[in-house]
Amino acid sequence: MNGFQTIAYEKDDGGVARLTLSRPDVLNAINLQMRDELWSAFEAFRDDPDARVLVIRGAGRAFSAGADIAEFGTSPSYVEARRARRERDLWGLMLALPKPLIAAVHGFALGAGCEMSLLCDLRIASDDARFGLPEVGLGYIPSAGGTQTLPRTIAPGVALGMILSGDQIDAAEAYRLGLVHRVVPRDRLDAEAGAWARTLAERSPLALASAKEAVLRGLDLSLREGLALEGRLAAALLAVTRQSEV
Ligand code: COA
């Protein structure tokens, strides 16, 4: 897909799409243009039946150093900023994607960069990766989902500590806490993320989507409701499998 200036989006023949955050001079800080382009790329990925798995990575020396600080306070008004966010809920769109997302993180993943990785289903980090949520130190709070996704990913108390302190953690600590699934040497990151993506791209898209829905929607439900959801999804999958056997 062409025409983007702040990201690159491409897809191979095996169903693996790759989205590269591409403002390396500012450590891939997320500005309004990048948000718009991410929106288009996520929609393209969602609507393309041939794109089965998405790997998100950063160009240059970081995954992303978060929201573009140069744009802070540039919105015409607080009301306008809220309206724009509501109309284009980028992080909600990302969370609702029914296909697997893999974050391949190197260097800094701070603020919205860290939060973007948390909106992915799998996180693979290189040994030089650093994660942190510095917003409270700047007088804000994380607002790309981090206050909700981090405590659903690692122990809530540890998550709260990271959010209040703004302290960064390295890849080894992120692995120990369960924030990332794998840590690999920097020069292996793209290859390992690609291999992981190819494995998933060979799985049934419906089974992947059902598993995502069962886990992610299930987290918002009671155990009884979650088990009912799992039962419905499993039965629906079985029906489809049987039908294709007939
Ligand atoms: N928004 C806009 N520009 C950013 C940025 C951000 N979030 N993060 C880094 N940059 C820019 C820097 O201003 C610098 O630009 P310059 O070369 O024109 O001066 C360039 O990226 C390189 O960053 P630099 O600070 O020189 O690199 P470093 O290795 O010394 O430090 C960080 C890296 C990530 C520790 C530091 O850039 C930083 O603290 N960034 C802000 C992170 C942050 O608070 N993000 C959350 C915002 S809510």
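Here are some notes on the domains, strands and salt bridges of this structure.

1. Ground rules. This is a predicted model, with local features requiring pLDDT of at least 70 and side-chain atom pairs counting only at pLDDT 80 or more, while totals for chains, interfaces and linings use all residues. Residues are numbered from 1 along each chain as its sequence is written, and side-chain values use heavy atoms, with hydrogens and water left out.

2. Domains. The protein chain is split into domain 1 (7–201) and domain 2 (205–245); such bounds come from an automatic or database domain assignment. Their C-alpha centres are 26 Å apart. Domain 1 puts 10 residues into the contact and domain 2 puts in six residues, where contact means heavy atoms within 4.5 Å.

3. Buried area. Between them, domain 1 and domain 2 bury about 640 Å², and 58% of that is on carbon and sulfur atoms. (That is the accessible area, 1.4 Å probe, that two parts lose on being put together, summed over both.)

4. Charges across the interface. Two salt bridges link domain 1 and domain 2, a salt bridge being a side-chain nitrogen of Lys or Arg within 4 Å of a carboxyl oxygen of Asp or Glu. R152 and D220 make a salt bridge through their side chains, at 3.3 Å from N to O. On the side of domain 1 that touches domain 2, there are six nonpolar, no polar and four charged residues. (Nonpolar is Ala, Val, Leu, Ile, Met, Phe, Trp, Tyr, Cys and Pro; charged is Asp, Glu, Lys and Arg; the others, Gly among them, are polar.)

5. β1 (residues 7–11) and β2 (residues 16–21) run antiparallel, paired over five bridges. Strands here are DSSP runs (E, at least two residues; helices are H or I, at least four), numbered from the N terminus, and two of them pair if DSSP finds at least two bridges between them. I7 has L21 of β2 as its bridge partner. Four residues separate the two strands of the hairpin, and G15 in the turn has a positive phi of about 90 degrees.

6. The open sheet. Three strands line up as β5-β7-β8, with mixed pairing. β5 (108–110) and β8 (169–170) are at the edges with a single partner strand each, so one side of each has no neighbour in the sheet. β7 (residues 130–132) pairs with β8 in the antiparallel sense over two bridges, and F131 has I169 in β8 as its bridge partner.

7. Salt bridges overall. The whole structure has 12 salt bridges. One of them joins D68 and R23, with the closest N and O atoms 2.8 Å apart. D68 sits in the loop between β3 (53–58) and α2 (78–87) and R23 in the loop between β2 and α1 (32–47), so this pair ties together parts 45 residues apart in sequence.
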